[in-house]
Amino acid sequence: MIHVSLPDGATRTLSDNATASGLASDISKSLAKRTVAAVVNGVISDLSAPLPDGQMLS
């Protein structure tokens, strides 16, 4: 399991190898449709890349 922090201060626990795309889908189908990239610790990341544990998304 991994833990990520979201911009609103919320944290999510996800399965290992979870992706930003999967996280966006879990939050909202409309968010998943609008999302084209993730920002992980200030670095633009591909939506299909696994999210590292303990990271901050924005």
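This is a predicted model: local features need pLDDT of at least 70, side-chain atom pairs count only at pLDDT 80 or more; totals for chains, interfaces and linings use all residues.
**Notebook: a look around Leu57**

I started at Leu57, which touches Val4, Ser5, Leu6, Pro7, Leu23, Val39, Val40 and Leu51, leaving aside residues up to four places away in sequence. Contact here means heavy atoms within 4.5 Å.

Residues are numbered from 1 along each chain as its sequence is written, and side-chain values use heavy atoms, with hydrogens and water left out.

**Entry: the chain**

I looked up the fold next and found two helices and five strands, in the order β-β-α-α-β-β-β along the sequence. Helices (H or I, at least four residues) and strands (E, at least two) are DSSP runs numbered from the N terminus. The C-alpha trace spans about 25 × 20 × 20 Å along its principal axes. The radius of gyration of the chain is 10 Å, which agrees with the value near 10 Å for a compact globule of 58 residues. That radius is taken over C-alpha atoms, and the globule rule is 2.2 Å times the number of residues to the power 0.38. Among contacts with a separation of 6 or more, 42% join residues 24 or more positions apart.

**Entry: the core**

Of the 58 residues, 26% count as buried (under 20% relative accessible area, with exposed over 50% and partly exposed in between, for a 1.4 Å probe and protein chains only). Which residues make up the largest nonpolar core? I listed twelve: Ile2, Val4, Leu6, Leu14, Ala18, Ala20, Leu23, Ala38, Val40, Leu47, Leu51 and Leu57.

I then checked the largest pocket, with a volume of about 200 Å³. Of its 14 lining residues, Leu6, Leu23, Leu31, Leu57 and Ser58 are the closest to its centre. A pocket is an open set of points on a 1 Å grid over the protein atoms alone, where a 1.4 Å probe fits, with protein on both sides within 12 Å along at least five of seven lines; lining residues have an atom within 4 Å of a point. Grid points are joined across faces, edges and corners, and the volume is the space filled by probe spheres set on them. H1 gives the most to this lining, with four residues. The lining divides into twelve nonpolar, two polar and no charged residues. Ala, Val, Leu, Ile, Met, Phe, Trp, Tyr, Cys and Pro count as nonpolar, Asp, Glu, Lys and Arg as charged, and the others, Gly among them, as polar.

**Entry: strand E5**

Is Gln55 buried or exposed? Gln55 counts as buried because its relative accessibility is 18%. Gln55 lies in strand E5 (residues 55-56) and touches His3, Val4, Ser5, Val40 and Asn41, not counting residues up to four places away in sequence. Met56 is also in E5, but is partly exposed at 39%. Met56 and Pro7 are 49 residues apart in sequence, yet 7.6 Å apart C-alpha to C-alpha.

**Entry: two asparagines**

Most residues other than glycine have a negative phi. I noted a phi near 65 degrees for Asn17, in the loop between strand E2 (11-14) and H1. Asn41 has a positive phi of about 50 degrees and is found between E3 and strand E4 (43-45).

Key
A nonpolar core is a set of buried Ala, Val, Leu, Ile, Met, Phe, Trp, Tyr and Cys residues joined through side-chain atoms within 4.5 Å.
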